[in-house]
Amino acid sequence: MPRSPETKYRVVTALQRRLNAVMRRLPAHTLLETTGRVSGLPRRTPVGGRRVGDSFWLVSEFGERSQYVRNIKADPRVRVRLRGRWHTGTAHLLPDDDTTARLRALPRLNSAAVRVVGVGQLTVRVDLDG
């Protein structure tokens with residue numbers, strides 16, 4: 001893995017663009033759908049996280065640099081596809097949350113990847129509508 005945070009970001013995002021195109025097509029994979037802040041079009045991003053009660057929790061590996069986080073800042077209304085079913089909700093960015101502790105409570109494989117590739121992680125909580 002590159003040492004420079006900027007190089008790491010560029011390498012990982014280039015890889016994610018290719019991988020995400022495949023992951024979005026898997027019916028059981030969890031997706032976060034935001035509204036593009038410029039285009040206004042739906043943007044779907046494969047994510048790892050966990051539903052706890054009426055909330056869905058995830059950690060963004062690049063924090064506020066992640067495109068879906070930028071979209072959330074512009075419009076926090078989102079949809080989350082969990083086990084093939086779409087849920088609407090409102091996303092909240094939690095910069096004061098302990099991402100290390102949060103990742104321990106989320107699925108292990110995704111959490112390990114976020115720890116390895118991430119720089120400036122940020123917790124996101126989506127409050128799901130009834």
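**Terms and their grounds**

Guide: Strands β1 and β2 pair in the antiparallel sense over five bridges. This is a predicted model, in which local features need pLDDT of at least 70 and side-chain atom pairs count only at pLDDT 80 or more, while totals for chains, interfaces and linings use all residues. Residues are numbered from 1 along each chain as its sequence is written, and side-chain values use heavy atoms, with hydrogens and water left out.

Visitor: What makes β2 and β3 edge strands?

Guide: The open sheet has seven strands in the order β2-β1-β5-β6-β7-β4-β3, with antiparallel pairing. Strands β2 and β3 (49-52) each pair on one side only. On average, neighbouring strands of this sheet are turned by 30° against each other, direction ignored; the axes are lines fitted to C-alpha atoms, for helices over the stretch in contact, and angles run from 0 to 180 degrees between N-to-C directions.

Visitor: Which strands does α2 touch where it packs on the sheet?

Guide: Helix α2 touches β1, β2, β4, β5, β6 and β7, and its direction makes about 50° with that of β1. Contact means heavy atoms within 4.5 Å. Helices (H or I, at least four residues) and strands (E, at least two) are DSSP runs, numbered from the N terminus.

Visitor: Which residues of α2 are buried, and why are they placed on the same side?

Guide: In α2 (residues 67-74), the buried residues are Y68, V69, N71 and I72. They cover an arc of only 160° around the axis, and therefore lie on the same side of α2; the arc is that of the directions from the helix axis to the C-beta atoms. The face turned away from the buried side carries the exposed residues K73 and A74.

Visitor: Why is V78 called buried?

Guide: Buried means under 20% relative accessible area, exposed over 50%, and partly exposed in between (1.4 Å probe, protein chains only). V78 has a relative accessible area of 5%, and therefore counts as buried. This residue lies in strand β5, and the residues that V78 touches include L32, I72 and V126.

Visitor: How much of the chain counts as buried?

Guide: Of its 130 residues, 38% count as buried.

How values were computed
Pairing = 2+ DSSP bridges. Lists of a residue's contacts leave out its neighbours within four places in sequence.
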